[in-house]
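Hi,

Here is the structure I promised to pass on to you. Have a look at it first, and then read on for what turned up in it.

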Amino acid sequence: MFPNSILGCPPFTPSHQQHNNFFALSPTLYSHQQLVDAQFNFQNADLSRAVSLQQLTYGNVSPIQTSTSPLFRGRKRLSDEKNLPLDGKRQRFHSPHQEPTVVNQIVPLSGERRYSMPPLFHTHYIPDIVRSVPPFREIPFLEPREITLPEAKDKLSQQILELFETCQQQTSDLKKKELCRTQLQREIQLLFPQSRLFLVGSSLNGFGTRTSDGDLCLVVKEEPVNQKTEARHILTLVHKHFCTRLSGYIERPQLIRAKVPIVKFRDKVSCVEFDLNVNNIVGIRNTFLLRTYAYLENRVRPLVLVIKKWASHHEINDASRGTLSSYSLVLMVLHYLQTLPEPILPSLQKIYPESFSPAVQLHLVHQAPCNVPPYLSKNESNLGDLLLGFLKYYATEFDWNSQMISVREAKAIPRPDGIEWRNKYICVEEPFDGTNTARAVHEKQKFDMIKDQFLKSWHRLKNKRDLNSVLPLRAAILKR
């Protein structure tokens, strides 16, 4: 399969881990001299390796022309872009192994009623990483687990299921992001030869849509880095590399000096926008935790998708504007499904502590989704009832003033007394590092708006039992 954790890597034997482990990261800090070396690498990168072009087509689709790109204006795509073929792609850099890696069918076509736990590993893998990266050993293909989608016997459930099948991320969408990640990893390793680039977030955790941005995590070591100094310096070098060497393929890279700094950029060929951070290790861990929940029970993914669409429509799904991040919303859905009188989900961290411990090494975290069997719940609620119950729970039942949402404990727990939790309007516990994922909601006005939308939508949906009453389906489908 792919050269990082996209769909898993082989479970190496201990001896192999010591001598030929793809995920083995240098435990030492990047010293001042190493950062100087990275600066030297940046100035002396091999241009013949970095900018050599090669045409690539997917099927019968011609490559997209990318000589000019007047359509990009910030994060929004203009209408003309919608006419670009979804699967048109050009390989941006020369690869000595020109055969493109293809993702196994993770998501079915819209007419199908089945989806699979994505496979761990592809039968044939050709390593395409340069600069001191050892190859994989051949690993037999592991069959995916088949899961039938839930039946929809009422109108509301049918609407939710149809929205899910139309808007869920397709294999071709993931393939574009993975191809970009592969080529960018090669480029970044010209600066930091021992680094690894991971695709994380909704693109990989099972809750992505057709228009989900790509989140990338550059790992330079397994220990935390100082985000104000070390991470910013590393991203400054990456940003310069993007601006100088890759300006023909990456559009308007921006270095955002936030609490967790990122480089934002847009791939001109695929029209996918990316956010790249340094050493957000917890983001890799929670990607695979959420991926396991996503495929644990067949009602989880459709319910999460419709709630994310609902929150976006009502403008309460944007952490940059003081409302809920998509990650917080997913945790809220999982928490609700865990706290039903007859739970639909358990706490995976309680049942499988060895698989989801924060101490598990990075090269092993990918194994968890395929090691956990499906969860058999006695709760037979349909998707429509679950959506109504979710809105009601947070509108009338959850105590925002004294409780914290905890997926790790599978229940609402008392708020901690730490400074991060004191006087916060919404408390959602990050399952691994225990931080507050909803800390962006720091204004009472935004908090009241969020609560108001839960209450209004619950009343409206309860009376009409029509998804259009709280989420116009035509508009939601057009946005994908």
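Let me start with the sheet: five strands make up an open sheet, ordered β3-β4-β7-β6-β5, with mixed pairing. (Strands are DSSP runs of E, at least two residues, and helices are runs of H or I, at least four residues, both numbered from the N terminus; two strands pair if DSSP finds at least two bridges between them.) β3 (196-200) and β5 (250-256) are at the edges with a single partner strand each, so one side of each has no neighbour in the sheet. On average, neighbouring strands are turned by 25 degrees against each other, direction ignored.

A note on the source: this is a predicted model, where local features need pLDDT of at least 70 and side-chain atom pairs count only at pLDDT 80 or more, while totals for chains, interfaces and linings use all residues. Residues are numbered from 1 along each chain as its sequence is written, and side-chain values use heavy atoms, leaving out hydrogens and water.

Within the sheet, β6 (residues 262-267) and β7 (residues 273-278) run antiparallel and are joined by four bridges. Lysine 264 faces aspartate 275 in β7. Helix α7 (residues 230-245) packs on the sheet and touches β4 (214-219), β5, β6 and β7, where contact means heavy atoms within 4.5 Å. The direction of α7 makes about 160 degrees with that of β5; axes are lines fitted to C-alpha atoms, for helices over the stretch in contact, and angles run from 0 to 180 degrees between N-to-C directions. Helix α8 (residues 281-294) lies across β3 and β4, at about 45 degrees to β3.

Happy exploring!
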